[in-house]
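This report is meant for a reader who is meeting the structure for the first time.

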Amino acid sequence: MSILVIAEHDNKALNGATLNVVAAAQKIGADITVLVAGSGAQAVADQAAKVAGVSKVLLADNAVYANQLAENVAALVADLGKNYSHIFAASTTSGKNVLPRAAALLDVSMISDIIAIESPTTFKRPIYAGNAIATVESTESVVLATVRGTAFDPVATEGGSASVEAIGDVEDAGVSKFISEEIVKSERPELTAARIVVSGGRGVGSGENYHTVLDPLADKLGAAQGASRAAVDAGFVPNDMQVGQTGKIVAPDLYIAVGISGAIQHLAGMKDSKVIVAINKDEEAPINAVADYWLVGDLNTVIPELVSKI
Amino acid sequence: MKALVAVKRVVDANVKVRVKPDNSGVDLTNVKMSINPFCEIAVEEAVRLKEKGTVSEIIVVSIGPKEAQEQIRSSMALGADRGILVETTDDIGALEVAKILKGIVEQEKPELILLGKQAIDDDSNQVGQMLGALLGAGQGTFASVVNVAGDKVQVTREVDGGLQTVELTLPAIITTDLRLNEPRYAALPNIMKARKKPLEVKAPADYGVSASTKLKTVKVEPPAERKAGVQVKSVDELVEKLKNEAKVI
């Protein structure tokens, strides 16, 4: 058995999500090869080579892989993948975009968003917005899966000494082209990796109020900021801050939900947090049912008080 | 140009599902079923493109039990022109669905193929990408803006760091994200008209697909319960609990 892990990166640095995927791959107990497909991505390959548990890094460095277009990366993954028993990628938008395409090229079914590994062919994954956990067994020749990062503790970024092998394979499907991107800049920790997350919902009232009330709390705690779908749809904050079934899945040590009612969709993205605090003026809000501590009150007075006391 | 939209019949988004006591699956008896919310957005986008004059005909496809006709009729009430139901009660997965859709695409030759980004029951987020691979077509997944111009389509995608825009050569696959549009409600006269629109019934074998999925669901369990929390009366009490009891700050 040998495992191919698709590295997540921006051509400059390896994304932390890859460390969680390597951790999941280690549980299978086989050689781990990391594929870095990018453009000018030597630095990423060098970082990947140092990651604990990685035995080989393949670097496919070509302009066609610059923006991780699924059409090109999936073809490469499918080509290389024939030689592996498992192919894993992070359950990020990039992993979700590429891996199913590679699976179909290999003519195999794949498993999305695994949260536990029972055996090399048996995995657990959430279904119905996390309201049920399915145990799934694959009888395919190659097992492809995306890995939910928050379910596996990341491996160390140092300690490995893998060899880096440049490969010349180039797959250009020629049916898609990168035009532009708009990346939201933030000084705060990355949402999916943060130890503390402060999230606001419709209850915060406006985009202005979201920042006036929640920024000081996030600053004080060194927390990442999240939001419910209602807050995103109302235009309070950009969509990449959405926590939920259709947004990001987080599992921090502390999740503070402010002005969030707790729809099924939102709970799917945060109910595996270690400690959940709900601050809401509604005593009946469903979020209270999953909260470890809940406080009924007006967030406009409660949050500033909380900031002053921690 | 022709547009093909795939829709799935799923448990209504507001229903809290229960796992069967024998752990064979979730209990779907007497549970309200609806069109998957992401599929509804795909239908709405196709209808808007038709209203703009870009799309001339909308074909809506569903694969599943006989009752999935209801979801095809709902899509017709929103503006789809005709429907195809591929009737099956077999245990098929995303790959088999993609293979059936490939067969339909080869017959109907649509330029635009719209799907939801994921079904809210199995949460796989795979079919659109798999169909893209089988057809060798470009894929614009998690779309929040779609602009068709000539023989290309520009798709703005919701990615982890923000937004990314790609240009695809038609025919292309688009999977919809929640923010692409807000689906309309079907008006009663349109619901009546939808009953008269043509709906073909087919079988997976008509598209050369017969096998079930090679993923076996061993068991389905409820998630671990969280232990009940406590209501705190004041900010002081909250801070004290977080510091001394939970030790997270």
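## Helix packing and chain contact

In chain A, helix α3(A) passes helix α4(A) in a right-handed crossing. The model is a predicted one, and in it α3(A) spans residues 70-81 while α4(A) spans residues 93-105, the two packing at an angle of about 50 degrees with their axes 8 Å apart. The two helices are therefore oblique to each other. On the side of α3(A), the contact is made by Ala70(A), Glu71(A), Val73(A), Ala74(A), Ala75(A), Val77(A) and Ala78(A), and on the side of α4(A) by Asn97(A), Val98(A), Arg101(A), Ala102(A) and Leu105(A). Sorted by class, this contact of α3(A) with α4(A) holds nine nonpolar residues, one polar residue and two charged residues.

Chain B has a helix pair that can be described in the same terms. Helix α3(B), residues 94-108, and helix α4(B), residues 127-135, have axes that come within 9 Å and cross at roughly 50 degrees, which makes α3(B) oblique to α4(B). The crossing of α3(B) past α4(B) is right-handed. Residues of α3(B), including Ala94(B), Leu95(B), Val97(B) and Leu101(B), meet residues of α4(B), among them Val127(B), Met130(B) and Leu131(B). By class, the contact of α3(B) with α4(B) has 11 nonpolar residues, two charged residues and no polar ones.

A further pair belongs to chain A, where the axes of helix α5(A), residues 207-221, and helix α8(A), residues 299-309, come within 9 Å and cross at roughly 25 degrees. These helices are therefore roughly parallel to each other, and α5(A) passes α8(A) in a left-handed crossing. Among the residues of α5(A) in this contact are Val213(A), Leu214(A) and Leu217(A), which meet residues of α8(A) including Ile303(A), Leu306(A) and Val307(A). The residues of this contact divide into eight nonpolar, two polar and one charged.

How much area is buried between chain B and chain A? The value is about 6700 Å², of which carbon and sulfur atoms give 53%. The contact takes 78 residues from chain B and 83 residues from chain A.

Side chains of opposite charge can pair when their charged atoms come close. Over all chains, the count comes to 31 salt bridges, and between chain B and chain A the count is six. Two pairs with one partner in each chain are listed here.

| Residue of chain B | Residue of chain A | N to O distance |
|---|---|---|
| Arg226(B) | Asp292(A) | 2.8 Å |
| Glu167(B) | Lys177(A) | 3.5 Å |

Glu167(B) lies in strand β9 of chain B and Lys177(A) in strand β11 of chain A, residues 176-183, so this pair joins two chains.

Two loops of chain B also carry backbone features that a reader may wish to find in the model. The peptide bond from Leu170(B) to Pro171(B) is cis, with omega near -5 degrees, and Pro171(B) lies in the loop between β9 (162-169) and β10 (172-176) of chain B. Asn30(B), a residue other than glycine, has a positive phi near 55 degrees, and its place is in the loop between β2 (9-11) and β3 (33-35) of chain B.

Note on methods
Residues numbered from 1 in each chain as written. Chains lettered and ligands numbered in written order. Predicted model: local features only at pLDDT ≥ 70, side-chain atom pairs only at ≥ 80, totals over all residues. Heavy atoms only, no water. Axes fitted to C-alpha atoms, helices over the stretch in contact; angles between N-to-C directions. Helix = DSSP H or I, 4+ residues; strand = E, 2+ residues; numbered from the N terminus. Parallel < 35°, antiparallel > 145°, perpendicular 65-115°, else oblique. Left-handed = near helix turned anticlockwise from the far one by under 90°. Contact = heavy atoms within 4.5 Å. Nonpolar A, V, L, I, M, F, W, Y, C, P; charged D, E, K, R; others polar. Buried area = accessible area lost by both parts, 1.4 Å probe. Salt bridge = Lys/Arg side-chain N within 4 Å of Asp/Glu carboxyl O.
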